[in-house]
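Keep the structure open as you read.

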Amino acid sequence: VLRKIFKFAVANDVMQHIPLFPRVKGRVATTQKRDYLTQDEYETLVKYAELLAKNETEVRGVTITDEMKYLIQFMVNSFIRPSDIRVLKHKHIKKMRDGDDEWLVLNHPATKTNATEVQAMPASVYIYERLVAFKKSIKLPCRPDDYVFLSQYANRNTAMEILGRLFREILTQSHIEEKTGKNITLYSLRHTAIMMRLIIGRVDSLALARNARTSQQMVDKFYASHL
C-alpha cells in the first residue's frame, strides 16, 4: 500500500522518485483458529432456529422462518461456503440414486477455488425437499433459475447481509458461544461439515478435500489438526 502511495505521488509530480524499499522475507507462522460445532451444538443450533421461526422472531424487520433451519442443515450436509449461497440456484442441484442410496450433486459456479461437482450427504435430499415444500407453501417460486436461499432478494449482497443477521440472532439465543468461547459464523457450518466427515465419516482427506472444493493441504492444516 505504501508503495502504491509513493507511485501515485511520483505520477502527480509530488515526488521525483520512489524510495528504495527493503525486501521483506518470511511469512507469518500463525494460522487463524477455525471453530466448528460438535454434534450436540449443531443440534442445539437447529433447535433454536426452529424455535425462533415458530415464534416469528424479527431481526430488523425480517422474520426468521424455517428457511434458516434448512439453511443450517443444508450447509452442514453439503460442505458449501457462505459465498456459494450467493450463487446457488435450483438448476445447480441434481438428485442422484444408486440402489437404495440417494444424495444431491451440486454443480454451482466456483466462488473461491474450482467448480468441481460436490457430492452432498444423503440427508441433504430430505432437507432440500422440505425446503422446497416450505418455499412453495409461502408462495415463493422454485424455478430452475431461482436462488435456493432468500430468492426474494435479487440483490445477493442484501440477501447475504440478512442471512448473516438472522444467523447471528439464532446463535445468540442458543448461547453456544457463551458456553464454549467459540467464535461461530456462517463459515463455521462448512467447518462443521468437514470435521464431521473426518470424525465419523471414515473418509480420506484427499477425497474429502476434492469434494469440498479445497486442497488436501488445507484439510490437513486447518481441520485434521484438531484431531
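The model is predicted.

**The sheet**

Start with the strands. Three of them form an open sheet, in the order E3-E4-E5. The pairing is antiparallel. Strand E3 (93-98) and strand E5 (118-119) are the edge strands. Each of these edge strands pairs on one side only. What holds paired strands together? Strands of a sheet pair through backbone hydrogen bonds.

Now take the pairs in turn. E3 and E4 are joined by six bridges and run antiparallel. One place to look is Lys95, whose bridge partner in E4 is Leu104. The hairpin of E3 and E4 has two residues between the strands. There, Gly99 takes a positive phi near 65°.

On to the other pair. Strand E4 (residues 101-106) is linked to E5 by two bridges, again in the antiparallel sense. Find Val105 here: Gln119 in E5 stands opposite.

Helix H5 (residues 123-137) lies across E3 and E4. The angle between H5 and E4 is about 70°.

**The helix pairs**

Helix H2 packs against two other helices, H6 and H3. The table sets out the two pairs.

| Pair | Axis separation | Angle | Handedness |
|---|---|---|---|
| H2 (residues 39-54) and H6 (residues 156-174) | within 9 Å | roughly 110° | right-handed |
| H2 and H3 (residues 66-76) | 7 Å | about 160° | left-handed |

How are H2 and H6 oriented to each other? Angles of 65 to 115 degrees count as roughly perpendicular, so H2 and H6 are roughly perpendicular. On the H2 side, the contact is made by Thr44, Leu45, Tyr48, Ala49 and Leu52. On the H6 side, Phe167, Glu169, Ile170, Leu171, Gln173 and Ser174 take part. By class, this contact has seven nonpolar, three polar and one charged residues.

Next come H2 and H3. Angles over 145 degrees count as roughly antiparallel, so H2 and H3 are roughly antiparallel. From H2, the residues in contact are Tyr42, Leu45, Val46, Ala49, Glu50 and Ala53. They meet Asp66, Lys69, Ile72, Gln73 and Val76 in H3. By class, the contact of H2 with H3 has seven nonpolar, one polar and three charged residues.

Note on methods: Residues are numbered from 1 along each chain as its sequence is written. This is a predicted model: local features need pLDDT of at least 70, side-chain atom pairs count only at pLDDT 80 or more; totals for chains, interfaces and linings use all residues. Side-chain values use heavy atoms; hydrogens and water are left out. Two strands pair if DSSP finds at least two bridges between them. Helices (H or I, at least four residues) and strands (E, at least two) are DSSP runs, numbered from the N terminus. Contact means heavy atoms within 4.5 Å. Axes are lines fitted to C-alpha atoms, for helices over the stretch in contact, and angles run from 0 to 180 degrees between N-to-C directions. Angles under 35 degrees count as roughly parallel, over 145 as roughly antiparallel, 65 to 115 as roughly perpendicular and the rest as oblique. A crossing is left-handed if the near helix is turned anticlockwise from the far one by less than a right angle, and right-handed if clockwise. Ala, Val, Leu, Ile, Met, Phe, Trp, Tyr, Cys and Pro count as nonpolar, Asp, Glu, Lys and Arg as charged, and the others, Gly among them, as polar.
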